[in-house]
Amino acid sequence: YTPNFNDNQLVAATLSERWATGFSVLGKYLQLLVWPTNLSWDYSFNQIPTSGWGSAGAIVGFVLYAAMLALGIWGFKRRNVFAFSALAFLASIGMYSNLLMLIGTIMGERLVYQASAWFCLAVAVGLGYLLKAGEGADDQKLFSGKNAMTFAAVIGAIGLAGIAATFARNPAWKSNYTLVTTDVKHAPESFRLHQSVGEETLLKFVDKSTPPADTAALLKQAGDGFDRSFAIRPTFNNVIGIGNVAYFRRNYGLAIEHFKKAYDMQQNAMAKERLASVYRDWGRYEGQVKNNLPQAVEYLEKSFSYDSTDVQTLRDLGAACGMMSQPAKAVKYLEKALKKDPNDATLRQNLAIAWMQLGRPDKAAEYK
C-alpha cells in the first residue's frame, strides 16, 4: 500500500526525513496527551512540514521515545508497571508512527486513542505512588495531612480544567461547517482544511434556508478558503472550488479558466459537467440579456460539446438557431431535445416553425 501525497506527504520524503518527521509527530502526540489544546480533525500538507534531524521537534521526540524504550527494557523483568505501560504505549503507537511503514495520514489525533490508555495508566499509578508516599508521616511531609488536601485540590483543579476544555471543544462538532471553520484556526497550513472550509461554506451558500443577506459573506469566505488551499497545494478539488465561486459570481470567463484547468488535471465527469453548465449559462446570458445571438450560439455549442444530453442546452440552441434563420441547425437540436422531453409543447411549436422555414409544411404538420 502506498498512500497518496495529499494524505501523507512522507511518501515523497527520504528515509531520514521520514523518521525525523515521524518523531516530531510522536512528540506532538505526547504534548496532546499532557494537555489537549488546539485540536484539529486534519493535519494535511503542509501543517506538519517534512523535517530533518536539525529540527528541535525531531530531536526532542527521539529523546523522549528512546527514554521510554530504555525504561521498558530496564523494567520489564522487574515487572515494573511503568515499564509495562511504556512498552504497551510504544506498541500501540508504533504502527501509526510512519516509522515502520507509511500509513494513510501523517498525523491523526484518533490514532493515539489506544496508546492513551497506557499513558493514563502510568499517570494514575504515579499519582497513587505519590499519595502513598505520605502515609503515616507527619504534616511536614509532602503529601500528608494538610498537604494531602492541597494535592487533592490541585488534582481536582486539573480535572476541572480538562472537563472545561472538553466542553469548550464540543461546539466545534455541531456541524461540518463549524468543525472546519474552527479547526482551520488551529491548523492554518493544511490545504485540506482550507479546501473543506470552501466546500462547506458553498453548501451553506446554496442552502435555501440561508438568509439572502448572508450569501455575499459566505461566497467570499468560500473563495478565500479555496484560494488559500490552492496557494498551499493546487489540487483538482480546490481548482474546481475556485471555478464554482466564480460561476456563482457570474464571472463566466474565470470559471471556465479554472474548470478547464481542473479538466486538464483529471478528465472526469465533474469537470465536464461544470464546463457544460457554465457555457450553457453564459450562452443564455448572451442571448437573453445582451441579445448577442451569435455569441450565445457559440457558447451553447461549446456546452453541447461537453454534454450533448442536456435538454435546456438543446432547447436554447434550437431557439437561438431559429432566431438566426438557421432552421436546419434548429431542427437538429430541437429534435434531440424533444426525444428527451416529448411532452414539451414549446419544443413542438418551435420545430413546426423551423420545418416551415425549411419549406416542409408536411413535417411541420407532424408537430402541430
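**Pocket and cores**

The lining of the largest pocket divides into 18 nonpolar, 9 polar and 3 charged residues. Here Ala, Val, Leu, Ile, Met, Phe, Trp, Tyr, Cys and Pro count as nonpolar, Asp, Glu, Lys and Arg as charged, and the others, Gly among them, as polar. The model is predicted: local features need pLDDT of at least 70, side-chain atom pairs count only at pLDDT 80 or more, and totals for chains, interfaces and linings use all residues. Residues are numbered from 1 along each chain as its sequence is written, and side-chain values use heavy atoms, without hydrogens and water.

The largest pocket has a volume of about 920 Å³. Of its 30 lining residues, Leu 32, Leu 33, Trp 35, Pro 36 and Thr 166 are the closest to its centre. A pocket is an open set of points on a 1 Å grid over the protein atoms alone, where a 1.4 Å probe fits, with protein on both sides within 12 Å along at least five of seven lines; lining residues have an atom within 4 Å of a point. Grid points are joined across faces, edges and corners, and the volume is the space filled by probe spheres set on the points.

Helices H1 (15-34), H4 (113-132) and H5 (145-169) each supply at least two lining residues. H5 gives the largest share, 8 residues. Helices are DSSP runs (H or I, at least four residues), numbered from the N terminus.

The largest nonpolar core has 26 residues; Leu 26, Tyr 29, Tyr 65, Met 68, Phe 89, Ile 93 and Met 107 have the most contacts inside it. H1, H2 (56-76) and H3 (81-94) each give two or more residues to this core. H1 gives the largest share, 7 residues. Apart from this core lies another, of 20 residues, among them Leu 300, Ala 337, Ala 354 and Tyr 367. A nonpolar core joins buried Ala, Val, Leu, Ile, Met, Phe, Trp, Tyr and Cys residues through side-chain atoms within 4.5 Å; buried means under 20% relative accessible area (1.4 Å probe, protein chains only).

Methods. Buried means under 20% relative accessible area, exposed over 50%, partly exposed in between (1.4 Å probe, protein chains only).
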